[in-house]
Amino acid sequence: MLRDPGRLAAVRRASRLLPAMGLSLDDIARLAAHSLDAPMATICLAGEDRVQRLGAYGLSPALISHDDGSLTESLAGHVVCADQALHAADLSQDADEHLREHPIAHRGVRAFMAVPVHDGVGRPLGAITVFDTRPRRWQEVHELALLDIAGLLTASVGWDGRAAATTPMLDGAALLDSVQEAFVAVDTGGIIRGFNRAAERLLGYTAAQICCRHIEDTVLPDYDGETTRPALQRLFAAEPARPLVRELSVRHRDGHRLRTRASLSVVHGAAGALVCVFLTDLSAQAAAEATAERHASFLTALLNSLTVGVIACDDTGRVILMNPALRRIQGRPETGPVPDDLPAVVPTFLYDAQMRPLEWDQTPLMRALRGEHLTDLDIVAQLPGQRSRTFATTAQPIENRDGRRLGAVVVAHEVTALRRAERFNTCRRDVEQALRAATSITEAAPAVTRAVTTALGWPSAELFLIDETTDRLQAVGHHSDTGDGPEGFFGHTPVRDRGVTGRVWQSGQPLWVPDITRYVHLTSENEQQRVDLCVRHGIRTVLAVPVRDGDTLLGVLTCYAGAPEVDQELLTVLLDGVAAQIGVYVALRRAEELARQLTRSQDDFLDLVGHELRTPLTSILANVTMLTEEAVTLDEEQQQMLATVARNTGALQHIVDTLLDLAALESGHQQLAAEPVDLAAIAADAVAALRLGAAGGGVQLRADLPGPVPAHGDGDRLRQVLDDVLSNALKYSPAGADIHVSLEAGGGWAELCITDTGIGTPPGERDRVFDRFYRASNVRHHGTPGSGLGLSRTRTIVRLHGGSIALRPEQPTGTTVCIRLPLGRHPDPA
């Protein structure tokens, strides 16, 4: 078809005849575009391998710049070969691979419709094609409109070589009525000769009412302030090759004015020359522009007032918007053109949450442009000389109603303080684990300070503690991102009320120095040397907080930052919490050490009493006994003195024996002689042995004991327990009081309770009465003698049996001692 000689000869003839006819081919293309409500149209002739464009309307720069006249850049060849109308609703999705890959699909064209242009004998010469930049569904009325326009071209040319009578556009009334734009035709005298339906809708007149009337009396009273006649004369005289476009104010039938864009052309027809005017109503456009301007003003005010950063790009990835908040974040002026260097500089200051530099194509903006929807994605901004800042970003693509991607937008709000608080939660857990795993604060200090620097995002920290012996503040550990840190920086001995650490030691209050080079209180020579050392190694901010246990100052935790910092209150509170953890740990460790020292002292005392006092007491008691036996020669007073010595020596001997017995039980040197026993029988024997003595003191001793209660234990030691508890009850019960002994068994346990109505035990001291040498405060004030060892030995024996002993109050006065023992065999204690 393309190479047919007859067709090629007709193409050459048409290339001469069509431009010479009375119709403007650009106007025909414009008419075609507007008839189909499309932005672009062309009229082309297709040769053997080249295309000649005779008319065009609205072509985009992308189509014009790449059009070299080859068939591959045009659709005319396809239409000629098919010799019928062709169309595509969406080139990117078209079933025809040739159309999907056609060059125009890469020049912004998404849809097209084309019909062939024939000569007088029906040979296809080329095509009228309209283009759209958006996908659309074509309808039959669109194809019919294009075919009418193509038929107008065919009818307007004398294909036999003779000039055909040119027909003005006015002769195609049906065609003009299908055009969406208002059309008015005016002759040389200013009389309206043509008026289509779109003009009727726009201006309020019918064609019958306005045709044959002067234009000044109807729709155009003046032309730029003058009468229309001179303007028409100039236009007819000039006969411009291309339509003139002007903005005109025309009058509606009801009198109001309309702002329009007018395209004016001179057309010669059988009826003579006419000015053909296409009118586009700009009032809606003006309203839309005003609305858009208001929206733009609101949008600008909104973006300028936001404290969050906003950035947007177009569909090519070019950044078109950055609000002032984001400019401030990047250290740029708040106004001015959008910077074009972002793709290059972003990797130098923007990082992901793992502090890896972000390349431009991995930023939230470019990811959103590729179609991703991101929510609360953390990125870190670190500009030179400034603190690190964390931002949570939300990003999404911008699309129109048809799904076409127009660009992308990102919103970033700062969450540095929030993320720091979250990191400090982790820090507290890490500090707790480090303290639990360590045997001393010196061992824990490196891990503790590392957790603190990680949470702060600062390079180094150091922990100081007050030495209990020298009362000096000593460094016990540190952490630095650079290893051991700069020489001489760590391990120094602070001076009270000098330097940052020394001032916290003196005041006991946190101290924040945002910029150490501007802190005016560091005036001494040593302080200035310390400041110079910090500056040489990039330290700018220092925060020191006291390490306390309650009101007791134990040390100072000092942290160092490499850039000026903010969030003073937040960081101080967070660091105070960590310092409190350290303080509790140090205090507990010191208390444990003190307890161990006290225990060692008590053990040493027991050894001293047991080994150094026992022998002399034994000797004294033996000699006193011999003297007493020979006391017949002594008078009564001397005999009484010997009795007193013997009695007190025996009491001392009892205390020493009890101490040694208790020490032997606690150390494991004295083992239980466990065997089957009857707890009821042991209790009955103990009650019987003390009943006579109780009655002599006016105290009634009653027992509520069941039948045999078999158990496994050391019968002598269990009797010793009952004797000690019953002796205490008798000792502290007044005359006329009752002492009740009960024994119950069940569930593998036996419970033996001794209840008295004596002076009782203060509530806060009921656990302490089992400690060695401890006597309740009311007992001490009561004046009753005792060593404070009986209940301590009792608890030890009960625990060795796998049981427990406890005191509980009785009302209105008195005490109940409950001894709980297992009935089965208890494994030997470790």
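Analyst: In what follows, Lys and Arg count as positive and Asp and Glu as negative, while His and the chain ends are left out of the count. On that basis the chain, which is a predicted model, carries 80 positive and 104 negative side chains, and the centres of these two sets lie 7 Å apart. The chain has 24 helices and 28 strands, and buried residues make up 45% of its 830 residues. Its radius of gyration is 54 Å, whereas a compact globule of 830 residues would have one near 28 Å.

Turning to the core itself, the largest nonpolar core has 40 residues, and those with the most contacts inside it are Leu 18, Ile 128, Val 130, Leu 146 and Leu 153. Several helices and strands each supply at least two residues of this core, among them helix H1 (5-20), strand S5 (124-132) and helix H6 (140-155). Another core, of 38 residues, lies apart from it and includes Ala 680, Ala 683, Ile 739 and Val 769. In soluble globular proteins, nonpolar side chains tend to be buried together.

If we look closely at Ile 128, and set aside residues up to four places away in sequence, its contacts include Ala 32, Ile 43, Val 115, Leu 146, Ile 149 and Leu 153.

For contrast, consider Asp 37, which is placed in the loop between H2 and S1. Asp 37 counts as exposed because its relative accessibility is 53%, and the cut-off for exposed is over 50%. Leaving aside neighbours within four places in sequence, Asp 37 is in contact with Asp 132, Arg 134 and Arg 136.

Technical notes
Residues numbered from 1 in each chain as written. Predicted model: local features only at pLDDT ≥ 70, side-chain atom pairs only at ≥ 80, totals over all residues. Heavy atoms only, no water. Core = buried A, V, L, I, M, F, W, Y, C linked by side-chain atoms within 4.5 Å. Buried < 20%, exposed > 50% of the residue type's maximum accessible area, 1.4 Å probe, protein only. Helix = DSSP H or I, 4+ residues; strand = E, 2+ residues; numbered from the N terminus. Contact = heavy atoms within 4.5 Å. Rg over C-alpha atoms; globule rule 2.2 N^0.38 Å. Charge placed at Lys NZ, Arg CZ, Asp CG, Glu CD.
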